[in-house]
Amino acid sequence: MADPPSLGTFVLHSRAVPDLPAGPYTVRSTQTITAPGAAASNLDTHIEVTAPRYLLPADQVLSTFPPNQAEGAFSSRLPQIVLKRRTLPWERELDGKLTTSPLPRELPWMALVVLADAECEFRPARPIAECVTSGVVLEGRNDATVADAIVVTQRVIDQVFPTKDELPLLAHVRNVDLSDTELALGDDDGWLAVVLSNRLPQPGVRYRACLISLEGQYEVLPDTAEIESEAVNPFGNVLVYEKAALNNDELTYAYAAALDGSERSLVADAVLMDAFPGLRSAHRAAQIDDTIADVPRQLSEARSETIADAWSATGTTIGTSTLGAGAFSGITGKTAALVGAMHGIDMALIDPGAAQYTFPVLAQWQFTCTGAGDFQSLMQGLDVGMLGTAPPEPPPPQAGEKPPPPARPLPEVLDTGHVGLDYVSRIGEGGRAWYRGPLVPRPVERSQPDENGVLPLLHASDQARLVGPDGRENLALATAFEIGRLLALAEPSVVAALLIWRKDALDDSRRRALLEREPFLGGLGIGDLLAGFGARADHFVVSGFGADGAAPLGPPRPPVDAGAPIDGIDDLGDDERIDLIATGLGIPADTIGALVQGVAGAFAVPVAERTANLGQLLEHTDAELGAIRAAADQTAAAIAGEALQDPRKRTAADALDRLLDRLGGSE
């Protein structure tokens with residue numbers, strides 16, 4: 001096996017295809033007996049290799065990017081989902097059949113699609129018969145009776161779904177170092193499967209990421225993606241159904257009211273009716289009177305995932321409604337651009353007459369891309385200046401505008417890089433102190449090690465609190481100490497080393513306390529010896545027991561334990577014993593006779609003598625354990641003598657020592 005990756009690195013593998021895809025199998029066991037006349041029947045064992053089909057166990061999802069319900073600048077990285085089981089994307093046949101598939105096993109059976117508003121209808125908790133396109137039959141055992149699904153049109157598949165050429169490139173295996181918390185995230189073996197989306201999120205759009213199953217529907221994917229010319233922005237067409245997406249909230253509400261038969265004015269929806277004729281049909285089907293006065297709109301529980309997420313009073317507008325602000329004044333501000341408010345609208349309303357396809361959803365989450373750029377571009381776009389630079393004066397307000405807020409007071413700075421900051425102590429007292437970060441405008445005097453090469457050791461941040469010439473406290477080093485302490489405690493390896501160090505110290509104390517109770521060692525003052533004496537004592541005692549072929553432990557155990565005599569069996573002859581064995585095992589007696597022929601003592605089994613008087617065991621205890629006690633006394637005396645001669649000679653490094661050495665680069 002190859003060495004694991006080093007800290008901060010990982011190894012990529014294109015795939016991890018298991019030998020057997022999910023499905024039922026028959027394992028046939030055969031046995032050949034060379035003895036004359038012997039034969040054994042074949043044994044068929046039925047097994048089934050299982051894999052998720054409609055439901056993905058929650059413990060198999062290690063992480064997602066972007067995180068669920070996140071808002072941020074995600075336009076520079078492809079969304080992804082990390083799975084704990086490395087073979088998961090390749091555990092099923094793409095055609096959904098139990099027979100050998102003509103499609104390559106290297107193709108993953110799942111894909112991650114990222115869909116914006118109005119590009120899919122999400123259907124939660126539906127019978128599994130409704131989670132695949134009509135006419136698609138998936139053979140084999142199902143892992144659920146209800147599941148989630150999405151309904152999309154052929155236009156969405158052609159523009160958003162991965163192509164057949166892209167599919168094998170969007171799943172890979174990643175091998176990471178388990179001690180790297182940034183990459184491993186608490187995985188158990190360091191092998192992860194990663195499924196990527198082929199769509200970059202664009203600023204100002206909310207998305208639903210869905211890990212879908214492609215079983216039985218691989219052929220609906222486009223073969224290849226159309227190559228865009230250099231003059232065309234490949235990301236210019238952000239939305240598949242732009243008009244429906246920009247008015248998704250209003251459209252969702254009107255559609256829900258139509259289904260529920262809510263009393264509402266069609267005058268307010270006049271523009272929606274013209275843009276989406278299916279709405280008028282839905283209203284007429286619900287027998288809504290066009291002359292009814294406008295009343296507060298009613299909420300549809302049937303068309304929302306939950307009542308709580310149906311509408312919210314918070315959120316920011318994404319895009320500009322193409323239907324005009326007057327049509328839904330007073331409603332848009334409450335329902336626009338809500339993360340988690342993506343509701344299901346029948347795709348026949350969005351794209352009438354288009355072919356529709358249904359895919360099972362194994363996992364899904366939502367996020368909003370709110371801005372362009374990544375961390376690098378954001379840092380490069382910061383407005384920076386020299387230490388103490390005051391912000392520029394705001395322009396004077398125009399006529400009728402509110403005056404700008406008052407500017408912050410000028411910072412209090414020193415040429416050493418210190419800045420005066422207000423603070424509140426742990427007991428609630430306020431004050432002002434000096435602080436500076438690790439970057440300084442000029443060289444500073446640093447702490448020097450002592451004669452032994454050791455820097456001054458701090459045990460608490462209060463030890464680093466300094467007082468400047470002006471009598472004001474300097475909290476720069478104390479803050480750095482506290483930040484470093486918190487960062488160290490956030491590292492699992494440091495916490496584990498501290499726990500091991502504490503456990504070792506407790507074990508050593510326990511051993512010393514026990515050894516002091518021994519008459520010989522207690523007289524030598526073992527309690528004053530260095531820590532680690534108990535561990536050395538264990539080592540020498542155990543190694544002493546193993547000397548001379550473990551002679552201090554007594555004679556070796558016989559290969560066969562003596563049994564109790566059995567009347568009617570021990571007094572049988574060899575031929576009678578052969579017949580008895582043949583009857584019990586169902587093997588011809590001639591075969592057994594041929595096997596034991598020429599083997600001396602084939603039927604000889606030692607018989608133990610029964611102890612008539614259990615009190616005799618106590619009489620033999622001193623004789624049996626005397627050698628062990630003598631060896632233990634000699635070993636303990638030797639250990640004590642060596643320890644008293646040079647206590648530091650055998651001091652062993654504990655777990656914390658090894659960690660500190662590694663951090664210091666001594667290893």
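User: Is Cys131 buried or exposed?

Analyst: Cys131 is buried, as its relative accessible area is 0%. Keep in mind that this is a predicted model.

User: Thanks. And how many disulfides does the structure hold?

Analyst: It holds 0 disulfides.

User: What about Cys120, which cysteine sulfur is closest to its own?

Analyst: That would be the sulfur of Cys210, at 5.6 Å. A disulfide needs the two sulfur atoms within 2.5 Å, so this pair is too far apart for a bond.

User: Okay, and is Cys120 buried or exposed?

Analyst: Cys120 counts as buried, because its relative accessibility is 8%.

User: Switching to helices: how far apart are the end C-alpha atoms of H15?

Analyst: They are 16 Å apart. H15 covers residues 574–585, and its 12 residues at 1.5 Å a residue should span 16 Å, so the two values agree.

User: Which residues of H15 are buried?

Analyst: Arg577, Ile578 and Ala582. Looking down the axis of H15, these buried residues fall within an arc of 135°, so they line one face of the helix.

User: And what does the face turned away from the buried side carry?

Analyst: There you'll find Thr583 and Gly584, which are exposed.

User: Last topic, the surface. Which residues make the nonpolar patch?

Analyst: Leu489, Val495, Leu498, Leu499 and Trp501 make a patch of about 400 Å². Helix H11, residues 492–516, gives the most to this patch, with 4 residues.

User: Where is Val495 found?

Analyst: Val495 is in helix H11. With 31% relative accessibility, Val495 counts as partly exposed.

Terms used. Residues are numbered from 1 along each chain as its sequence is written. This is a predicted model: local features need pLDDT of at least 70, side-chain atom pairs count only at pLDDT 80 or more; totals for chains, interfaces and linings use all residues. Side-chain values use heavy atoms; hydrogens and water are left out. Patches are made of residues with over 30% relative accessible area and no salt bridge: like charges are joined within 9 Å, nonpolar side chains (Val, Leu, Ile, Met, Phe, Trp, Tyr) within 5 Å. Accessible areas come from the Shrake-Rupley method with a 1.4 Å probe; for residues, only the protein chains shown count as cover. A salt bridge is a side-chain nitrogen of Lys or Arg within 4 Å of a carboxyl oxygen of Asp or Glu. Helices (H or I, at least four residues) and strands (E, at least two) are DSSP runs, numbered from the N terminus. Buried means under 20% relative accessible area, exposed over 50%, partly exposed in between (1.4 Å probe, protein chains only). The expected span of a helix is 1.5 Å times one less than its number of residues. The arc is that of the directions from the helix axis to the C-beta atoms.
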